[in-house]
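Please keep the sequence and the three-dimensional view at hand while reading.

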There are 4 protein chains.
Amino acid sequence: MDDATQPEDSPALRELYAGFEANHLKPLWTQIGNLMPRHPHPRAVAHVWKWSTLYPLAKSSGDLVPVGRGGERRAIGLANPGLGGNTYISPTMWCAIQYLGPRETAPEHRHSQNAFRFVVEGEGVWTVVNGDPVRMSRGDFLLTPGWNFHGHHNDTDHPMAWIDGLDIPFSFQNDVGFFEYGSDRVTDYSTPNLSRSERLWCHPGLRPLSGLQNTVSSPIGAYRWEHTDNALNQQLLLEEEGHPATVAQGHAAIRYVNPTTGGDVMPTIRAEFHRLRAGVETVTRREVGSTVFQVFEGKGAVVLEGTTHKVEKGDIFVIPSWVSWSLQAETTFDLFRFSDAPIMERLNFDRLKIEDDRQ
Amino acid sequence: MDDATQPEDSPALRELYAGFEANHLKPLWTQIGNLMPRHPHPRAVAHVWKWSTLYPLAKSSGDLVPVGRGGERRAIGLANPGLGGNTYISPTMWCAIQYLGPRETAPEHRHSQNAFRFVVEGEGVWTVVNGDPVRMSRGDFLLTPGWNFHGHHNDTDHPMAWIDGLDIPFSFQNDVGFFEYGSDRVTDYSTPNLSRSERLWCHPGLRPLSGLQNTVSSPIGAYRWEHTDNALNQQLLLEEEGHPATVAQGHAAIRYVNPTTGGDVMPTIRAEFHRLRAGVETVTRREVGSTVFQVFEGKGAVVLEGTTHKVEKGDIFVIPSWVSWSLQAETTFDLFRFSDAPIMERLNFDRLKIEDDRQ
Amino acid sequence: MDDATQPEDSPALRELYAGFEANHLKPLWTQIGNLMPRHPHPRAVAHVWKWSTLYPLAKSSGDLVPVGRGGERRAIGLANPGLGGNTYISPTMWCAIQYLGPRETAPEHRHSQNAFRFVVEGEGVWTVVNGDPVRMSRGDFLLTPGWNFHGHHNDTDHPMAWIDGLDIPFSFQNDVGFFEYGSDRVTDYSTPNLSRSERLWCHPGLRPLSGLQNTVSSPIGAYRWEHTDNALNQQLLLEEEGHPATVAQGHAAIRYVNPTTGGDVMPTIRAEFHRLRAGVETVTRREVGSTVFQVFEGKGAVVLEGTTHKVEKGDIFVIPSWVSWSLQAETTFDLFRFSDAPIMERLNFDRLKIEDDRQ
Amino acid sequence: MDDATQPEDSPALRELYAGFEANHLKPLWTQIGNLMPRHPHPRAVAHVWKWSTLYPLAKSSGDLVPVGRGGERRAIGLANPGLGGNTYISPTMWCAIQYLGPRETAPEHRHSQNAFRFVVEGEGVWTVVNGDPVRMSRGDFLLTPGWNFHGHHNDTDHPMAWIDGLDIPFSFQNDVGFFEYGSDRVTDYSTPNLSRSERLWCHPGLRPLSGLQNTVSSPIGAYRWEHTDNALNQQLLLEEEGHPATVAQGHAAIRYVNPTTGGDVMPTIRAEFHRLRAGVETVTRREVGSTVFQVFEGKGAVVLEGTTHKVEKGDIFVIPSWVSWSLQAETTFDLFRFSDAPIMERLNFDRLKIEDDRQ
């Protein structure tokens, strides 16, 4: 801010400012530079959480913290170091590691916040969504869109951990959230291999005539690793054969979508899976909105504002709005990604800047 | 028309009418009853073609008629008996049986007319769509949306027949068609099991990041029988287990859709597959727009304006606009269906009347 | 068609063809060149009807032909010379001159066909649309979207004529039409200056909170000449002042739209008004779909496939699909235009070719 | 939260929690009740600001605070008492009173934040939006959608004040804002009665052919009081005549819309104007999202969670998410309203609860 245009101090000015304060008013001229920066200037910072740190803490929680009604979930939120007292991985998104011990049940509830789970390792838990039991296994991406009852239970004798993603910060900041308790147990303890949602909806290009109404969120409960892996492999094979299929040389990627519209799985959250061949580097880019990656397999690095961070299986990193980033694959490098891009696009705030064109 | 309002004959009136004729004019008052009936009064009639008649004629054509540039296709169109001189199965739709002998090639061309193929029996032909070879096998539904180059070749020593559906009548009546010759051969004689379009697009709920632009027509070249059959089976199983999945008791059905939008595969043609359990009867309905069915498997009947027609594998029948119809399944009854419903819906002319509620 | 690929005549072939005919079948190979031309090859022809011919014939009809239930309307349709026995100005559109004598009433009815009226001269008739009396005056564009009851009455002692545009041919060809009689008189003989639809909807940029549901067709009953004329004048003034406002130098134009969507007024019919400064020529273009113009004021010419036709106030001309056309303004040249463009665009058949770039 | 499910304190638990803190993690189980309440539980509070307080403070600022580059605007923001240190009237919206002295200029800039102005009294200022001078007068609603350059100048010898509304809090919280300086003066000091945007776009139901591309925000720079007042009057007159036109008995209302789509004027802000007849009370409702009213004329009250607040001309009040509210009109009661409803609807968080049905 240019001080030349600031008023000179005087008793009258001090009286004016006191009048402002007494009447719940604040001048724009003293704060515009902060409130309206030249480009996004997030308080959230880029940060990497190591799986080798996260998992032991989750395991220890399993020993010490009960799961049940009230606390609801044994979930440990990743709190962006720049966002002070809040458990927000970014201003809009929540990310947590959730842990369920052998034979445990997390009770049913529902909320208007949109939620997903992604499984970096393990199996044996079923999440029951509106009464439909959905198996959770390594590589699966699972949905619990807003206002669907859901609980989880571990059908095995070993614990299981996964990550949860939600729009809790956005919902909290903007006062949009509703919450309701359901059953203290899950309503169906059966353990089918495929959920009913998949049996109805997961046939490529085929839509049930009983499901012709478009839905706000995807009706698919689980996007299975088998399909994701196959889709990425096919893209790389097609590329090898000389056909357009990848987003960039050596870089396969899919977006999880709502089959009734072809659009994002939920109104506030985009989810994707990326596979880079060993040696591939992406271009450096800046985007409006925040994004989170979890390394699923392989080794590589993320370059955040010019600083290289090595990452490997399970590691999670957040990229706040307009922070420059690129990925580098040391081995074949598989990454799950989620972001608030649907918020940005639906409100027309999305912007992209490619900083170079290496790729 | 109420004759009370018709003008009395007189020399002056005859002079007036002569003036109309000389100047390319016609009065509404003498024709409104015909032009604007109380409800659709199609010239097209409901009609059944027997596969047992169609196939031998196609086979005989295979012996007598060459296939190549100029004639383009050995396709025999089903001409609605009510539509006089035109090879239209309905005012909007074309349906033909196409026959390709051992090792024959139908040369490449493209046209703005939208086309599909459906295979009631046989295998061994590949249709090459914009250079992508697409295997054709029993139960497969294959797309050639407008303005895509395509040719066919039979890779085997036995002949193969299938049905073609296009919007030729609509395009011809409304003067929208463009046509261009391509290669006299097909551009790729390889015979992969899966087309590149399937390898890129047929992963349930997954969209390639290289394909984020919505497309007017589906990018999927082939909807495989394996998936259709599985989807229908799952609907019936879910119904048995007590969950909503079918359109009516004992009636499973899917719509083939464009994965980029969840909507119809092409702008003018809807395609569906229906499976009725033995003994099931559908409600009787009337719809605006014309529809065509081909029996894929099983035995049953279609009731058209109260008249029952027995039909079996391969038989094709057309239901013109606002003709009442219902289906009756003697055995498990599988039917492929296509119609001009997207035209009706996009132009807001669609109407449905359920005549009873047996089902 | 290349005769080289046609089968040689033989008894067997003749038997085959007889089999086709007996079974309501026709080969594609003998007709593809006609059915699927290289570009639209309309049977409809470009044609000009002179107002100086039309109006006297309408007036004579007023003397000889009663108006009332059964004949419904004293409307004389313009029959495209290329379309044989049908009163179609094009394959999709109907255009008629309608004439109502002093104190006459055209009875109420409704139909699924979409209709509009445009008034090239005169005043004194009110069209009553679903009970809302709508004044008709020179330059006004008036809507009767599908399935709205409507009748007309002449409140004066002088006759009045105007043109009607409908999608009757499209509806008839595709069997989509429904029709119902209403009152034999109009339901409201009051003669307000503004219809209720205008009082509710004609406030620029303002939408009633009681009308937040989008409607298939525009809720506006009358688009007044005062607004059209002002909009066109402002475009030309802005152009003079150096600001972008016109579609081309000296060529102002507006589209009549549905205020709930910003799109076309009805699902099948586009309507526009064009004003060319004296001396202006438009580029030559070809478009898929058929279009009709009526000269509202001034003198000029239309060039159709290279042939120049002089036209003046009231003259009507039709341009079939893919016929090249341009306009030339001798004086300030005002033209009303309607077309089937929404059909073409909604079904993705629209194409445009600019033949030159004079403008 | 049910303490029964909270872990018991122990050295191990304290070590676990220290591990969380050291690694930027926080457990969900200790905070879920706060983060995910049963229904929105806004920190923002309902509050009324009196114009009789606001205006004198603005006037005093006019004496003491210069306007120019750096401070940019002499705008005093209304700071919700519940939102601590921030000048937010709600979590999403900014509202300020802006004051421009005789012959002063507020320099040009642009930002991605969407902005509008509403004029409760006065005249004489022109806001110049992308070079188009837009007159500001009592009752006018004026737009400056994101990324349009704009400055203001007072062309008279008397001061003028108005309110500004923007999505600054939403943009700041979510890191989406960009800002750029423009000219230190405005680029056009002319003072036309109508802006170019109005001359091109403010013709009811008419769309310029030069403007067929839909725009993210409305292209209209000013919605004039004359039109708003007329629209509201017509609704009440139509109601008197027995026709549906108002939202409830005695309650006329319009929404300001983007004429290219019929939707909201900007992606994040809805704006409406409401007129209640004397004596009318609205139903009590709760809505997700925050809304702000300014009384334009008349006297009445707003009931906020059961507490009645008398309000009159110029008074501004905010209703946070899910706070119950109703309006009571003592005299004819005119109110301008804006809200974040487009955010809620585009992200599918909108909910409405009618608490009674008095109206």
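In chain A, 100% of the interface residues are also interface residues in chain D, so the copies meet through the same surface. The model discussed here is predicted.

**How the chains are related**

- Two copies of a chain are related by a rotation about an axis and a shift along it.
- Some pairs of chains do not touch: chain A and chain C have their nearest C-alpha atoms 18 Å apart. Chain B and chain D do not touch either, and their nearest C-alpha atoms are 18 Å apart.

**Overall build of chain A**

- Chain A contains seven helices and 24 strands. Its radius of gyration is 23 Å, close to the 21 Å that the globule rule gives for 359 residues, so chain A is as compact as a globular protein of that length.
- Along the principal axes, the C-alpha atoms of chain A fill a box of roughly 75 × 55 × 45 Å.
- Of the 359 residues in chain A, 56% are buried.
- When contacts in chain A between residues at least 6 apart in sequence are considered, 75% of them join residues at least 24 apart.

- Seven strands form an open sheet with antiparallel pairing, in the order β2(A)-β21(A)-β18(A)-β23(A)-β16(A)-β15(A)-β13(B). The edges are β2 (47–49) of chain A and β13 (206–208) of chain B; each has a single partner strand, so one side of each is left without a neighbour in the sheet.
- From one strand to the next, the twist averages 25°.
- Helix α6 (residues 225–240) of chain A packs on this sheet, where it touches β15 (251–256) and β16 (270–276) of chain A as well as β13 of chain B. The direction of the helix makes about 140° with that of β15(A).

**Strand β23(A) and its partners**

- Six of the seven residues of β23(A) are buried, so this strand is largely enclosed by the rest of the structure.
- β23 (residues 333–339) of chain A pairs with β18 (residues 291–297) of chain A in the antiparallel sense, over six bridges. Within this pairing, Glu297(A) has Asp334(A) as its bridge partner, and Gln294(A) has Phe336(A).
- β23(A) also pairs with β16(A) in the antiparallel sense, over seven bridges. Here Phe333(A) of β23(A) stands opposite Leu276(A).
- In a regular strand the side chains alternate between the two faces of the sheet.

**Nonpolar cores**

- The largest nonpolar core has 202 residues, and those touching the most other members are Cys95(A), Ala96(A), Cys95(D) and Ala96(D).
- Leaving aside residues up to four places away in sequence, Ala96(A) touches Ala75(A), Ile76(A), Gly77(A), Leu78(A), Ile163(A), Asp164(A) and, from chain D, Leu28(D).
- Another core, of 201 residues, lies apart from the largest one; among its members are Met36(B), Leu100(B), Ala106(B) and Met266(B).

Definitions and conventions:
Residues numbered from 1 in each chain as written. Chains lettered and ligands numbered in written order. Predicted model: local features only at pLDDT ≥ 70, side-chain atom pairs only at ≥ 80, totals over all residues. Helix = DSSP H or I, 4+ residues; strand = E, 2+ residues; numbered from the N terminus. Rg over C-alpha atoms; globule rule 2.2 N^0.38 Å. Buried ≥ 20, exposed ≤ 12 C-beta atoms within 10 Å, placed from the backbone. Contact = placed C-beta atoms within 7 Å. Pairing = 2+ DSSP bridges. Axes fitted to C-alpha atoms, helices over the stretch in contact; angles between N-to-C directions. Core = buried A, V, L, I, M, F, W, Y, C linked by C-beta atoms within 7 Å.
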